[in-house]
Amino acid sequence: MKLKSNIYYLALAVAGLFASCSKDFLDRAPLSEISTENFYQTTSDLKLATAALYAGSQWASWTYNSYLTIGDVMSGNMVLGYNDDAVQLNTFSVTGENGAVIANWGDMYKVIAHCNTTINSINEKTPESVPEADKNAALSEARFIRGYAYYNLALLWGDVPIIEDNNTLTTSPLVSLNLVNDVYQFVVNDLTFAAKNLPAAIGSDWERGRVTSWSAQGLLGKVYLSWSGLSGERNQALLDSAKLYAGNVCKYSGLELMDNYADLFKTANNYNDEALFALRWDPSVGGWLEGNMLQIYSSGGTEISADGQAGWFSIMPTYDMFLQYSADDTIRRKATFMLKGDYYAELNAAGGGFTYTGDAGLKKHIIGTKKDNNVSIMTLTSSAEHNALLRLADVYLVYAESILGNNETTTDADALLYFNKVRTRAGLETVVSLNADALLKERRIEFAAESQYWPDLVSLSYYNPQKAIDLLNGGERVNFSYSDGVATPGDPFGEITPATINSFKLPIPSSEITANPKLSKAPVPYSF
Amino acid sequence: MKLKSSVSIKWLHGGLRCLIVIVLMNLFVLPAFGQKISITGVVKSNADGTTLIGATIHIKGTTSGTITDQNGAYLLQVENGETLVFSYIGFEPQEIKVQGQKFIDITLKEDTKSVDEVVVIGYGSVKRKDVTGSVSSVGSDDIRQSQSVTIEQSLQGRIPGMVIQQVSGQPGGDVFVQIHGTTGFSASGPLYVLDGVELQGIASVGGGTNPLAGINPSDIESIDVLKDASATAIYGSKGTDGVIIITTKRGRIAPPKVEYQFSTGFQQLTKKLPVMNLREYATFVNERNAGWGWGFDTRPEFSNPKYLGKGTDWQDELFRNAPSSTHTLTVSGGDARTQYLLSGASQSEEGIALGSKFDRISFRLNLDNKTTDWLKIGTSLQLVNIDENKNSTNSSVIRSALEQTPDIEVTNADGSWGGSSSTVGWVAQKVNPYAIALINKDKVNRKQVFGNLYAEITFAKGLVLRNEAAINFSMATEDVYEPSYTMGNLEKLTSEGSSESKQGVYTSIKNYITYSHLFAAKYSLTAMAGHEASLEKSERLYASRTGYVSDNVNVIDGGDPTTAINEGSKDHKSSESYFGRLNVGINDKYLITGNIREDGSSMYAENNRWILSYSGAMAWKLNNENFLKGVSKVNELKLRLGYGLTNRQAGRDYVYTSTLATVPTGVSTTAQLTQNVGNPDLEWEQTKNSSIGLDGTFFNWRLNFAVDFYLKRTNGLAMQASLPMYSGTAIGYSPGSLDAPWVNVGSMENKGFDIRISTTNIKGKDFTWKTDMTISRNINKVLKLNTDGAPIMGDYSKTVVGRSVGDFYGYVVEGVFSSSVDVYGDEEKGIKPHARPSKNGEILLFANASGSIWYGDLMYKDMDGNGIIDENDQTYLGSPVPKVQLGLNNTFTYKNFDLNVFFNASIGNKVFNQLRVNAENPISSYGYFRSLSNYAKLALIDSEGSDSDPYNVYVTNSDTDIPGVRNDQTNENTRFSDKYIEDGSFVRCKNISLGYTFSENLLKMAHINSLRVFTSVTNAFIITKYSGMDPEIGSWDPTNAGIDNGFYPQSRRFTFGVNITLSK
């Protein structure tokens, strides 16, 4: 090699050595997923973002672990053996290690985290080119769902931390409990915003299944009704608010109850008008804790299961629940619980229907095979059912109760009208006078296996604790055998310790207290 | 006669590239004056008499000389009276004065001191005696002796300051490697560099992949471990956890050599756990059924346990003596222009647990070509195919085998699989582990091509530019199939199958220029500067179906198409760096090294993308000072000082932003759900590292040691923030949670020392005895957490300020409630009632009823003395991190025999023996350990009295810590407590190997150059108090370490082998 060419080559090499790669060599944006940096830019983006809040894995664990166990097993509607968590709930020996309790706590906060992220991202990133109404509608959907989650937490735990921005937790994770009254105020704020900014009706561009202003007003009525008793006696101003919002829905929404109670729980009617807020499951999501897994509670066999795998848990009504049904209240009973000999034409329809041979089991949420539901993909862990968390019938009864308020009885025409609509649909006689006991019993039966009775009892315990305790201790929280129309109570799954006022507050999960000892300290006011 | 194979390995030691560089540096051609005479001759080895090709002959006091040719011959012009110096790597130099001879044949003596041993330090190499940082090395001899499947196992105990723990004992299984302590909360580990190429971007499926599993240990020439910042800073951000540089064997200037090695052997389980046999099990079940709350578990078949057999021993069913074999064929050689090495190997290894297997076929081509006098080119190419069966690990069959009860048959009389047919509903449905190991399939295939090409251009003497391009292609697939089955009551109705395929391509381009010069024969200078860029691309496809028509057709197409699920993703990341190094030597007494490196990474947000690392080190060779010159007992003595700052990239791709995944919902056809909380402010972890070391060689090279003290402070430790549930975030699998953000959470300190001492204890004519010892001690301490004082929670551990990472926290057991004094105290003696758990603020009742506490329940220590057992009574229970690690290697040779005995030890760590939680819980329905029969046994003081009167009941074996059989869990007797924490210290006889090398005379007749036979036992025995199978529990996650949940134990391995070398 000649010296000269040597030097050229060297110069070239050195130049090459220190010339950097092109400047964007280190710019490597995600290839498989959208980054939040480039999202929330159009109305369509916002709709995609809020659609994800209605179902999915953040709701799946709660639906599977807590929906029936806390709402219906703990309240004495149902019983479930061979499941330590459910037995603890049944016997009032709940600890901070209880799986259903941990799931409910964690899962509601998962829902909240997703809502917070959506709300904060829209506020930060959505450009002005998106119409204000669209932006507020999207914010309202997220705030509605967040409000629902905080309402659930307030009912089950009372004082809980209010988290509005999950990002701040990365630097200051140890928050305090906030006063339950502030939690209710927070819920009301969210729902009031939603009631104002959501479309009133399902318009052409408002997709079916999304919440509307009526959903928000209905829930607002319900929340006000619970909140009204928090101070120990029912606050008339809050009762009036409950009456106002629930009444709006009853009178002005134009929504009506479905004719047939049993039809409400069929997947063909997933988008029925009565479902003011339902979890919008997609049956193609079949992973563990990703879809609606309620069919796992089925006590039916493989012939009525989604894809050949039978349910595991055989949850069943308690003897006390069985006794609630009057002889003529069969429509709701049969649509909620199966008793020996019951025939269901819609289950395993291709095989000639299904006759139940066990003693008693759950019917609501048990929807049959893929063919029965006309879906191509469905497994035991991905039911096609959109289980409603707020129904029009609920708002009707909330309205009646808010009218009743602190009175012993009422004969108010509106109260009776909407109360009787619920009864008529169930094939029952109408009533001419209404009291609190009749309302609570109606609610218990109408919403059995819909995770309602426990919240109802908690709301009652605020202002009439002794009655709530008596209701828990009065009924036989045991299974029963059934033949020829006669039910015989069985033995308890464990010794049932008597409920006390403490029973109405779930323990905060132990791991949570270990991670943040502040949760065992006194609550603090929330700064709005 | 000498051991030929070890000689040949010593020749290789150091790598030929380095030899050439050194030769070139020595050959400054200066004009010579005076009358020249020509001298010729041949240079031979004293070991086997073969000629040495490429040996250097230079004239003393000058820089002129030559090297020997292919026949070992040389020709040199010298002046009469000058002295010739003959030298060759691995041999002692010899000097001959020219006094009129024309022919000088010379035989060089093998040099056992290896003073010229070369250490690869990244982007270059230095002589061992000139190293300024903390660097330890292992040669091919050590690797050969350890008879391991993957190479980290051969480093265990041999590199001071390095902790190596098996994460899974499955063949080719994961190994956890840590150098000078944990520097991170997230999984961290050293950088592996194979022949200059970083092992990055390797596709992995089926649970962690060991990046080194593709490398055939026989191909390794040496492994150099860079430990402190002064050594690692040249690798910048990637080197904080240490750098392990693997150099493979290369061809050398020598006649062709063919080497074949064969070994075969088998492995076995080292320890069976003491589980109850059927008689013991039945006796216990009967006793329990008489207890409170039971009575429903009557099993007529257990009515007379005496007549029962031993039942099924699931450990015997699952574990087996597993065969293994390896074949390696290596051809190497070369002339002055081209050197080559070609090797092919096949390794087949069954695991000791059914359903595990590791097969590897690997090829290697290493080629070096001196194209012109200014250009050298070459390549290293490795092709690997690995087939594994990971079913035993991924189906957790070892844990299942310990959980299954002895009353279950492996197969029923009708040939169907055994399983529980108990109608007692509470009995947990457990799989038949033997069946699962056989019928489930979990097959992993990995194909890898690692290659690099280099060109070295010499512009002028000492000025060399090296260009290197490397590419790693890798593909990995995993096929999983679980058929439908019936095992007693347990039915799996639908078969499930999935297939996952991943690809990775990692490319890197490196250019660096090195200038070396010796000024005034006193000042040596080596300066290096360079640039490097790499790009990593990966992609994944996954498909699954259920409802397969036949178990024989278990590819995806065989399943029900309506159940099809598919997933796919692509990723990419890149990095770019500038770096430089300066080495200065003065008078061969003072050495100074400086490193600097600027790294850029695509992982961070734009403002945090670039970071600077640097280090400096000094070494003082005391032995070259006048005051030690005459001291013959001191051969070498060197003091080293180093300081540096390195930066580690922690996090994951796109960590700075949140991403949204497409999910289906019932509202619209698809929706976008936020997946994680991003953190645009995440920064690099910064580690400041100071070290001081002393290397010495004494007594005619017979005692050699290295001591290193270090202090590392890491700031900005990054990890996924483990936040309370109310954050809605979680780490790892947690459907619906946002993936927790990565944050810089705190600071940590690691300080410690490590020592290596090598001695030649006896060096006789026929007998030698050498000892190598390593001692390592590391103290880890968390200095700061930016978490409001919240600890970092692991599953059973907490990381708190002032203690080391991942300490166990839980309850302390103080025995069982055994007498009324425990319950009510004794006022006269000042004994208070023992604390009990509470519910809703009220202490739980003491009664023989559900929802209350009773005799036989565990008493937990009331740490805060408030009379109530709750979360505040959890306390520190020990650390899973070993305090001290030791290695002791003894090598004996007697005539043609060589014997190697190697121990390693780990002292002071705690292990959570999680298997005991179920196996020692009387109200579980799992298989039990024998120890369970010591459950708390209740008796009545007055046998006529009430059995629910607390004053009438007591526990007869009050010293037990196993609760009674009462059917109630109110006391949560299985909560995490110190009763499950055991001392994990051990001394392991890691390896014993015995070899015999046949004598040369015998072999000559068979035209064989060398022949060695050997036999070895790996993991021969272990001394430990730990009650589980193996106390060595590795974990990738330092905040969740030391948990034994029935993991795959290390096996004992017997090997017999033979090594034959043929040459021209």
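A salt bridge is a side-chain nitrogen of Lys or Arg within 4 Å of a carboxyl oxygen of Asp or Glu.

**Figure 1. Salt bridge between chain B and chain A in the predicted model.** The side chains of Arg609(B) and Asp27(A) form the pair, with an N to O distance of 2.7 Å. The count of salt bridges between chain B and chain A is 1.

**Figure 2. Interface of chain B with chain A.** On the chain B side, 83 residues are in contact with 92 residues of chain A. The two chains, B and A, bury about 7200 Å² between them, and carbon and sulfur atoms account for 61% of this area. Val667(B), Met725(B) and Tyr726(B) together supply 12% of the area that chain B buries against chain A, more than any other three residues.

**Figure 3. Packing of helix 15 against helix 16 in chain A.** Helix 15 of chain A spans residues 413-425 and helix 16 of chain A spans residues 436-446. Their axes lie 12 Å apart, at an angle of about 40°; helix 15 of chain A and helix 16 of chain A are therefore oblique to each other. The crossing of helix 15 of chain A and helix 16 of chain A is left-handed.

**Figure 4. Residues in the contact of helix 15 with helix 16 of chain A.** Helix 15 of chain A contributes Phe419(A), Val422(A), Arg423(A) and Arg425(A). From helix 16 of chain A come Ala438(A), Leu439(A), Glu442(A) and Glu446(A). By class, the contact of helix 15 of chain A with helix 16 of chain A comprises 4 nonpolar and 4 charged residues, with no polar residues.

How values were computed
Residues numbered from 1 in each chain as written. Chains lettered and ligands numbered in written order. Predicted model: local features only at pLDDT ≥ 70, side-chain atom pairs only at ≥ 80, totals over all residues. Heavy atoms only, no water. Axes fitted to C-alpha atoms, helices over the stretch in contact; angles between N-to-C directions. Helix = DSSP H or I, 4+ residues; strand = E, 2+ residues; numbered from the N terminus. Parallel < 35°, antiparallel > 145°, perpendicular 65-115°, else oblique. Left-handed = near helix turned anticlockwise from the far one by under 90°. Contact = heavy atoms within 4.5 Å. Nonpolar A, V, L, I, M, F, W, Y, C, P; charged D, E, K, R; others polar. Buried area = accessible area lost by both parts, 1.4 Å probe.
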